Amino acid sequence: MIIDTHLHVGYEKDYVGGSDERRQWWKTMFCNFEKPYGYSTDEALEMTVDDHLRRMDDLGISKAFLIGIDASAALGFRIDMGDMAKMVRDHPSRFIGVPGIDPMKGVSEAVDDIQRAKDLGHSGVKFFPCFGWDPTDSKYDPLYQKLMDCSMFFVMHVGSQMMPRTRLKYCSPLMIDEVAYRFPDLRIIETHLGWPWIGDALIVARKNKNVYCDFSGLVPKIHIGDVDHTANVGSYRLAEIQLPDKLLFGSDAPHGSQKDIIDMVRALPVAEGVKQKWLYDNAVRFLELGY
Ligand SMILES: [Zn+2]
């Protein structure tokens, strides 16, 4: 069995609800991903929630973390956490809700949003500091404290970014070390193996007991083939030896293909038992830590 810890939502046909505005926002946000990832926003916008479930069934994916986004302050765009809660409610054994939270709207408003996410049945939240906030600034500590109080985790975007109005200086995995230092019991997932700062992401996960790292969006033809000095076999061997219990499979779908990344993991020259941890066991342990 497999758990996908990084499935983006909010573009589904039956979910976008025919709103041209939402379709347009989705295109604006993610058009830059089309060429490098060979992905079509128009095709993604034709998907339904049932399509997600069918594809998961075909690939042996039992559960998926639904990743939302709130970029209200920077772009006036967000995926409504109430809509996401409906997906989770309709399929409670398949989906785990992780809506986006935007502290750039104001810290107290973001804290209230975390409470609302909890009340709606979500399990964690997604932060995108790349839109222009420094997660190590102590003024954001109320967010982390609120997550602790609610027994929720956060997923933070780190690594490369191509969305409009984002800044790479707020995409460093090392920022997570600072947050984990101040909140050592808070469960954290850093994304995309921090690519291209993979070494940084790995040492942050190695040092901090509650920091896990997903390798979502690491498409074989881009990150394993052409950029083999960063995401090559050596990184995975290091992870196998030093972090067998910390890596998580995530797809970043629709920007990454669930099938391609699963196939990539299956082909890696690391022990079968470690692959099983990365595809499933570690996600189960991560979820159990908080409850
Ligand atoms: Zn993502």
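Q: OK, two strands pair if DSSP finds at least two bridges between them. And what counts as a strand or a helix here?
A: Both are DSSP runs, numbered from the N terminus: helices are H or I with at least four residues, and strands are E with at least two. One heads-up: this is a predicted model, where local features need pLDDT of at least 70 and side-chain atom pairs count only at pLDDT 80 or more, while totals for chains, interfaces and linings use all residues. Residues are numbered from 1 along each chain as its sequence is written, and side-chain values use heavy atoms, with hydrogens and water left out.

Q: How many bridges join strand 8 to strand 9?
A: There are 3, and the two strands run parallel, with strand 9 covering residues 188–190. Val155, for one, has Ile189 in strand 9 as its bridge partner. Strands of a sheet pair through backbone hydrogen bonds, either parallel or antiparallel.

Q: Switching topic: where is Ser172?
A: Ser172 is in the loop between strand 8 (153–156) and helix 10 (174–182).

Q: Which residues does Ser172 touch?
A: Leaving out residues up to four places away in sequence, Ser172 touches Val158 and Trp197; a contact means heavy atoms within 4.5 Å. A polar atom of the Ser172 side chain also lies 3.1 Å from the backbone nitrogen of Leu174.

Q: And how far apart are the C-alpha atoms of Ser172 and Trp195?
A: They are separated by 9.5 Å, with the two residues 23 apart along the chain.

Q: Now charges. How many salt bridges are in the whole structure?
A: A search finds 17, each being a side-chain nitrogen of Lys or Arg within 4 Å of a carboxyl oxygen of Asp or Glu. Lys13, Arg23 and Glu46 are even linked in a network of them.

Q: What links Arg54 and Asp51?
A: Their side chains meet in a salt bridge, 2.6 Å from N to O. They're 3 residues apart in helix 5 (residues 49–59), which puts about one helical turn between them.

Q: Which part of the chain does Lys105 get tied to?
A: Lys105 forms a salt bridge with Asp70, and the closest N and O atoms are 3.0 Å apart. Lys105 is in the loop between strand 6 (100–101) and helix 8 (107–119), and Asp70 is in strand 3 (residues 70–71), so the pair ties together parts that are 35 residues apart in sequence.

Q: Is Asp70 buried or exposed?
A: Asp70 is buried, at 6% relative accessible area, whereas Lys105 is partly exposed at 27%. Buried means under 20%, exposed over 50% and partly exposed in between, using a 1.4 Å probe and protein chains only.

Q: Last one, helix 2: which residues are buried there?
A: In helix 2 (residues 20–30), Arg22, Trp26, Met29 and Phe30 are buried. Seen down the helix 2 axis, the buried residues fall within an arc of 75°, so they line one face of the helix. That arc is taken from the directions from the helix axis to the C-beta atoms.

Q: What's on the face of helix 2 turned away from the buried side?
A: That face carries the exposed residues Asp20 and Glu21.

Note on methods:
Polar contact = N/O pair within 3.5 Å; in protein donor to acceptor, adjacent residues only side chain to side chain.
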